[in-house]
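This report looks at aromatic rings, a helix pair and a set of strands. Please keep the sequence and the model in view while reading.

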Amino acid sequence: MESTLDRQQTTTMAYDLSERLVIGLASSALFDLEESDRVFREQGEASYRIYQRDNENKPLSTGVAFPFIKRLLSLNELSPDNPPIEVVLLSRNDPETGLRVMKSIEHHELGITRAIFLQGRYPHRFIPALNISLFLSANRQDVDQAILAGHPAGQVLSSGDLDLADEEELRIAFDFDGVLVTDESETIYQQQGIEAFREYERANAQVPAEAGLLAVFLRKLAHIQMLEKQREEETQGAYRPKVRVSIVTARNAPAHERVIHTMRSWGVTVNEAYFLGGIAKEHVLGIIKPHIFFDDQASHLSATSDILPSVHVPFGQLNQGLGVSEESAVRSGHSSLEEDHS
């Protein structure tokens with residue numbers, strides 16, 4: 001029988017996600033689940049259920065993506081009545097075992113009110129339905145399933161440094177090839193060498209590269225930055241923009257020009273760009289200290305994850321056949337709990 005609440009909702013306008021920046025988030029990306037995971041692995045599902053129920057009111061500690069998500073949600077102050085950012089929890093817990101996660105979200109005062117609990121099933125099926133521009137999880141299987149389906153996703157890696165400093169700025173850094181654009185040019189480099197790559201990039205310098213998995217996410221960030229500029233103008237400088245976006249790429253001249261023309265064709269202006277030409281990225285990233293960094297190459301992230309929150313986007317030929325040993329090398333740090341329950 002239809003409830004009063006259901007009837008009320010059918011008479012009101014549905015909550016539209018199409019114009020918002022929507023992040024899909026597994027609990028493993030947001031909180032530290034190491035202790036819960038150990039209970040599940042060592043004692044089994046029944047004990048895990050009891051453990052979560054007994055600790056239902058004990059907040060989980062913050063995880064790798066927490067600083068990024070907290071700062072991102074703070075940007076909803078730009079339009080409280082029509083918030084530009086939505087974060088949806090996509091959990092492989094069932095509703096009962098997931099209650100601790102929701103209570104932890106409330107404890108940490110995060111503006112996350114929408115959640116889907118799937119009792120072990122893959123969450124990627126809901127990414128298009130919820131208009132998600134980025135799905136984050138510590139579970140490599142969930143991320144792989146999303147990317148195989150063509151959806152924007154990244155694996156949050158265990159990090160040696162969690163920045164919880166009380167600062168308002170939100171710094172986001174991206175690799176270019178295989179993340180913001182496809183790996184078309186990277187494939188030429190891998191198969192034909194550096195000279196063929198350079199020649200290809202010279203010939204296509206003014207041709208925008210094909211959009212990659214995180215291109216829509218970047219465009220939505222650019223829209224948030226536009227809202228910030230508007231607020232800055234309205235307040236005559238009293239409001240200071242918070243979002244700062246960087247591209248940190250192994251490209252250098254002459255391959256840098258295509259990056260700029262691609263951004264221009266998307267109507268996006270990034271704040272900073274680093275064309276490093278093979279210089280180790282961690283040297284630069286350690287200075288700019290992004291709250292999150294996205295790269296498609298595990299070899300880059302094995303160093304960056306030691307010093308800052310890092311996300312592996314396992315897209316393209318470089319990631320085909322990447323197995324458990326390679327995944328361990330980039331310090332995923334999460335296992336059976338998130339794979340089976342969170």
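Is Phe-197 buried or exposed? Phe-197 is buried, because its relative accessible area is 10%, under the 20% cut-off. The model is a predicted one.

**Aromatic pairs**

Phe-197 has a ring partner. Tyr-189 and Phe-197 form an edge-to-face pair, with 6.1 Å from centre to centre and 70° between the planes. Tyr-189 is partly exposed, with a relative accessible area of 37%.

The count of aromatic pairs comes to 5. Another of them joins Phe-174 and Phe-217: the ring centres are 5.8 Å apart and the planes stand at 65°, so this pair is edge-to-face. Phe-174 belongs to strand β6 (residues 170–174) and Phe-217 to helix α10 (residues 215–234). The two residues are 43 residues apart, and the pair links distant parts of the chain. Phe-174 is buried, at 0% relative accessibility. Phe-217 is also buried, at 0%. Ring pairs bring Phe-294 into a cluster with Phe-174 and Phe-217.

**Charges over rings**

| Arginine | Ring | Distance from ring centre |
|---|---|---|
| Arg-219 | Trp-266 | 4.8 Å |
| Arg-231 | Tyr-239 | 5.8 Å |

**Helices α8 and α9**

Tyr-189 and Phe-197 turn up again in a helix contact. Helix α8 covers residues 184–192 and helix α9 covers residues 194–203. Their axes come within 7 Å and cross at roughly 145°. From α8, the contact takes in Glu-184, Ser-185, Ile-188, Tyr-189 and Gln-192. From α9, Ile-194, Ala-196, Phe-197, Tyr-200 and Glu-201 meet them. The residues of this contact divide into 6 nonpolar, 2 polar and 2 charged.

Which way do the side chains of strand β4 point? Leu-134 and Leu-136 point one way, while Phe-135 and Ser-137 point the other way. All four are buried, and the strand spans residues 134–137.

Strand β4 has a parallel partner in strand β1 (residues 21–25), joined by 3 bridges. There, Ile-23 has Leu-134 of β4 as its bridge partner. Strand β5 (residues 153–156) also runs parallel to β4, again with 3 bridges. In that pairing, Leu-136 is bridged to Gly-154 of β5.

Methods
Residues are numbered from 1 along each chain as its sequence is written. This is a predicted model: local features need pLDDT of at least 70, side-chain atom pairs count only at pLDDT 80 or more; totals for chains, interfaces and linings use all residues. Side-chain values use heavy atoms; hydrogens and water are left out. Rings of Phe, Tyr and Trp (its six-membered ring) pair if their centres lie within 6.5 Å; planes under 30 degrees apart count as stacked, over 60 as edge-to-face and the rest as tilted. Buried means under 20% relative accessible area, exposed over 50%, partly exposed in between (1.4 Å probe, protein chains only). A charge sits over a ring if NZ of Lys or CZ of Arg is within 6 Å of the ring centre and within 35 degrees of the ring normal. Axes are lines fitted to C-alpha atoms, for helices over the stretch in contact, and angles run from 0 to 180 degrees between N-to-C directions. Contact means heavy atoms within 4.5 Å. Ala, Val, Leu, Ile, Met, Phe, Trp, Tyr, Cys and Pro count as nonpolar, Asp, Glu, Lys and Arg as charged, and the others, Gly among them, as polar. Two strands pair if DSSP finds at least two bridges between them.
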